[in-house]
Protein chains: 2
Amino acid sequence: MVPHLVPRWPVCLFRWRAACTLGACVPQSAWARASRTPGPGSPRGAVGTSPLVRRGGSSSSSRAPEVMLTRERYPVQRLPFSVVSEEDLAAFERITPGRVVTDPEELEASNVDWLRTVRGCSKVLLKPQTTEEVSHILRYCHERNLAVNPQGGNTGMVGGSVPVFDEIILSTALMNQVISFHGVSGILVCQAGCILEELSRYVEERDFIMPLDLGAKGSCHIGGNVATNAGGLRFLRYGSLHGTVLGLEVVLADGTVLNCLTSLRKDNTGYDLKQLFIGSEGTLGVITAVSILCPPKPRAVNVAFLESPFYVLIETSGSRAGHDAEKLSSFLEHVLDFGLVTDGTLATDQRRVKMLWALRERITEALSRDGCVYKYDISLPVERLYDLVSDLRARLGPQAKHVVGYGHLGDGNLHLNVTAEAFSASLLGALEPYVYEWTAGQQGSVSAEHGLGFKKKDVLSYSKPPAALQLMQQLKALLDPKGILNPYKTLPARA
Amino acid sequence: MVPHLVPRWPVCLFRWRAACTLGACVPQSAWARASRTPGPGSPRGAVGTSPLVRRGGSSSSSRAPEVMLTRERYPVQRLPFSVVSEEDLAAFERITPGRVVTDPEELEASNVDWLRTVRGCSKVLLKPQTTEEVSHILRYCHERNLAVNPQGGNTGMVGGSVPVFDEIILSTALMNQVISFHGVSGILVCQAGCILEELSRYVEERDFIMPLDLGAKGSCHIGGNVATNAGGLRFLRYGSLHGTVLGLEVVLADGTVLNCLTSLRKDNTGYDLKQLFIGSEGTLGVITAVSILCPPKPRAVNVAFLESPFYVLIETSGSRAGHDAEKLSSFLEHVLDFGLVTDGTLATDQRRVKMLWALRERITEALSRDGCVYKYDISLPVERLYDLVSDLRARLGPQAKHVVGYGHLGDGNLHLNVTAEAFSASLLGALEPYVYEWTAGQQGSVSAEHGLGFKKKDVLSYSKPPAALQLMQQLKALLDPKGILNPYKTLPARA
């Protein structure tokens with residue numbers, strides 16, 4: 001019976017109880033920035049305390065410790081792009097009057113990722129309001145050979161949303177208008193800078209829901225969600241953005257506007273170009289508008305939180321509370337009878353539903369209190385999902401404080417987190433490339449839903465064969481021959 | 001309430017009762033080949049009787065009237081590909097021993113499309129069994145500059161699956177093995193030549209269903225379904241192949257094997273290359289294997305056939321018969337109370353369910369008995385879906401015998417069919433480009449689910465802007481620089 005639940009119900013949390021007790025008290029805000037900063041020499045994503053963090057820059061001496069510059073921590077060379085000149089700034093001022101940000105204080109938040117692991121040194125951030133403005137900016141940058149870092153809510157996990165050097169930051173923050181919503185089909189068309197939570201509110205008032213939901217919903221932009229092919233909490237139920245995104249408007253590297261912003265469920269006129277940009281992390285074009293299919297708002301929602309050796313959070317949604325409760329009860333009877341589950345609790349009212357979800361959504365934050373965190377986001381065949389966690393506990397022994405595995409059971413997506421008091425090169429050496437090799441050995445993916453960005457680009461080949469990598473590089477060269485769009489991201493540097 | 005039904009239930013048939021009475025008796029076989037042949041001078045897809053059909057070739061004088069050669073009917077020039085030589089045949093014999101077909105009788109079925117509207121004159125058909133053989137064939141053809149027409153079940157509606165001239169036919173018929181099936185996740189991996197109905201049977205025995213279903217299921221290949229991004233009867237419920245296809249193995253024009261055949265729900269390692277090939281109609285690569293997500297088999301299926309001014313066929317599927325019947329009853333009460341529906345019937349047993357579906361599935365065949373049929377497959381905003389039918393009735397007057405609109409209400413997909421006693425250039429002139437312009441005026445798609453193939457490639461620009469067309473041509477040039485893969489299809493000839 002259990003297999004049948006997989007595609008109908010989001011089964012979204014599982015975690016070894018020994019790894020971290022759920023009673024651990026963490027602050028309310030699930031989206032608070034971690035105050036700790038990454039350790040030095042942890043180039044592949046460890047987050048934690050470090051005695052070597054450089055404090056204080058000219059503009060932020062009174063605030064949190066400054067994050068080390070990416071170019072100082074990682075072995076990365078600036079490509080020969082032009083440097084922004086006074087003439088360029090004047091040109092940008094003509095394109096986006098009053099929306100050219102050069103103030104260092106204001107720039108800082110956009111130069112550093114939210115995990116505080118990477119930091120660029122961009123000197124200018126542009127805030128276009130329209131597709132035409134984005135087109136003018138890119139045409140100009142293309143001609144001038146200026147590199148551009150497209151940025152949505154800057155909530156990425158892999159350093160894809162901030163500059164590596166001095167790339168111009170192209171923010172979608174002011175492109176936040178709903179263009180249309182169709183009350184029968186549920187098709188929403190909006191600008192790329194709309195915040196996911198605001199879109200959720202907008203469509204929920206009209207009896208629909210967004211097909212995706214993320215912990216970062218309060219900050220992330222729909223354009224960024226699409227550009228990174230965000231997964232999240234509704235993936236199991238409503239599927240991938242490759243299926244729910246119906247159309248995109250994209251500005252290409254040379255400023256060409258590619259309008260594939262249809263609101264049609266079916267369109268087989270030629271190649272489905274929008275798919276190229278879903279998950280390409282801003283390296284092939286800048287998404288300026290999105291057409292997306294919203295499912296009807298469920299009338300009944302049940303959340304079950306179950307215990308066995310694992311904690312399991314299950315959400316069901318349907319159109320009749322009575323029917324759903326009946327199905328859920330008989331499922332619970334079944335799993336209790338068979339000893340699959342030993343204890344649990346049910347919630348239907350909003351407050352308790354939110355409380356149970358908070359247990360899941362606050363894990364990232366809770367982990368950041370554990371010291372230095374080594375983070376991995378991998379896909380595995382569902383029956384092997386937890387094996388890597390057990391394996392690593394044995395392998396690492398006391399080197400690791402905790403080896404925590406949680407994630408999306410129905411999607412085969414494991415969020416693997418290894419914590420230690422402080423960064424250690426030997427722990428990193430025990431983890432990498434071991435974790436990637438282990439994953440590759442299972443035909444898994446070394447990035448399930450977080451993407452590659454800057455921090456994971458060099459592990460792409462663990463999950464993709466050389467022919468695929470070559471074609472990706474050819475596509476990049478075709479769409480962005482000067483390589484100005486989000487350079488140093490997604491694809492490994494060419495040899 | 002009705003809007004909520006859209007994404008949950010397939011609402012799959014509607015037809016103006018005056019257009020064609022359902023009592024019309026047609027033979028049992030829903031997939032019988034139409035015996036009529038197209039009229040001359042009807043280059044854009046009319047199917048019907050014609051006094052000018054050329055009968056009898058050297059090899060088929062005793063059989064159905066021969067279909068006119070595409071190169072004789074359409075203004076199309078053969079591109080400068082090489083011509084298959086005796087040496088080439090010997091080389092193919094080495095690659096696929098005993099599976100090189102040159103017998104004209106055997107070749108005929110693969111040179112003509114099932115609608116009997118287009119006909120190539122290929123002299124050789126190859127039947128590889130493995131990906132390696134496909135790779136060897138393409139590497140050889142690429143070197144020799146020989147054009148190749150990949151062919152699945154040859155069930156396409158737009159002339160995409162048969163050669164236009166003497167392209168080598170590369171059949172997937174012998175690539176029909178299931179590679180793996182995962183009984184928990186429902187992920188099926190199989191070779192491209194598996195017949196959809198056989199896969200359906202295979203997964204249904206394991207308590208799953210295929211995420212797509214088509215009238216052509218008895219003949220069509222899964223590789224062809226993916227290559228044409230087939231829609232069909234389960235689209236509304238389970239979504240597009242862009243969402244349900246998890247991985248593909250594709251052989252590129254030069255013989256390179258691109259292995260993206262993962263069985264993972266989530267994989268964000270670089271660009272999602274498989275998406276390029278979904279819907280590219282064999283023009284960018286030959287799909288050799290498919291990984292696809294199958295939903296659990298519903299335990300309860302209800303079919304309602306309702307009458308108002310339209311006939312509406314609704315199928316529901318769920319896990320509890322009692323619950324589903326209750327929901328359906330209250331829906332029916334509601335629509336009857338509001339006068340939205342005047343009459344109808346319900347079916348739950350298999351036999352009656354099949355009988356009701358046959359009413360829908362036999363429409364194509366029934367129409368072919370009406371004389372010459374002009375066929376269009378368009379997407380429109382759902383509220384405008386039927387307007388074109390009424391509009392055309394007024395516009396065409398007695399020139400048309402019937403103007404029939406049916407299709408997929410929930411998907412906004414109209415199958416528009418105009419019938420007449422015989423082909424007439426003036427009727428064609430009244431239909432085209434009017435139908436395409438009307439569709440473009442509604443931001444619709446001139447090919448919803450049938451693709452462009454050979455017959456619709458020149459109307460692409462009604463639904464796609466020049467920048468999109470240019471990028472498609474660049475992608476074609478990148479992936480198939482010699483243009484050997486399914487030439488004369490999908491993209492308009494370059495000026």
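Colleague: How are α11(A) and α11(B) oriented to each other?

Modeller: Start with the direction of each axis. Angles over 145 degrees count as roughly antiparallel. Here α11(A) and α11(B) are therefore roughly antiparallel to each other. This is a predicted model. Helix α11 spans residues 321-337 in chain A and residues 321-337 in chain B; the two pack at an angle of about 175°. Their axes lie 11 Å apart.

Colleague: Which residues make the contact between α11(A) and α11(B)?

Modeller: From α11(A) come H323(A), E326(A) and K327(A). From α11(B) come H323(B), E326(B) and K327(B). By class, the contact of α11(A) with α11(B) has no nonpolar residues, 2 polar and 4 charged.

Colleague: Now the two chains. How many residues does the contact take from each?

Modeller: Count each side on its own. Chain B gives 82 residues, and chain A gives 82 residues.

Colleague: How much area do chain B and chain A bury between them?

Modeller: Look at the total, then at the atoms behind it. Chain B and chain A bury about 7,000 Å² between them. Carbon and sulfur atoms carry 61% of that area. In chain B, the residues that lose the most area to chain A are K266(B), N268(B) and Y271(B). Together they make up 15% of what that side buries.

Colleague: Back to helix pairs, within chain A. At roughly what angle do the axes of α3 and α5 cross?

Modeller: Helix α3 covers residues 86-95 of chain A, and helix α5 covers residues 131-144 of chain A. Their axes come within 10 Å and cross at roughly 160°. That angle makes α3(A) roughly antiparallel to α5(A).

Colleague: Is the crossing of α3(A) and α5(A) left-handed or right-handed?

Modeller: The crossing of these two helices is right-handed.

Colleague: Which residues meet there?

Modeller: In α3(A), they are E87(A), D88(A), A91(A), F92(A) and I95(A). They meet E133(A), H136(A), I137(A), Y140(A), C141(A) and R144(A) in α5(A). The contact of α3(A) with α5(A) holds 6 nonpolar residues, 1 polar and 4 charged.

Colleague: How many bridges join β4(B) to β5 of chain B?

Modeller: There are 4 bridges, and the two strands run parallel. Strand β5 of chain B covers residues 168-171. To place one bridge, take N149(B): its partner in β5(B) is I169(B).

Methods: Residues are numbered from 1 along each chain as its sequence is written. Chains are lettered from A and ligands numbered from 1 in the order in which they are written. This is a predicted model: local features need pLDDT of at least 70, side-chain atom pairs count only at pLDDT 80 or more; totals for chains, interfaces and linings use all residues. Side-chain values use heavy atoms; hydrogens and water are left out. Axes are lines fitted to C-alpha atoms, for helices over the stretch in contact, and angles run from 0 to 180 degrees between N-to-C directions. Angles under 35 degrees count as roughly parallel, over 145 as roughly antiparallel, 65 to 115 as roughly perpendicular and the rest as oblique. A crossing is left-handed if the near helix is turned anticlockwise from the far one by less than a right angle, and right-handed if clockwise. Contact means heavy atoms within 4.5 Å. Ala, Val, Leu, Ile, Met, Phe, Trp, Tyr, Cys and Pro count as nonpolar, Asp, Glu, Lys and Arg as charged, and the others, Gly among them, as polar. Two strands pair if DSSP finds at least two bridges between them. Buried area is the accessible area (1.4 Å probe) that two parts lose on being put together, summed over both.
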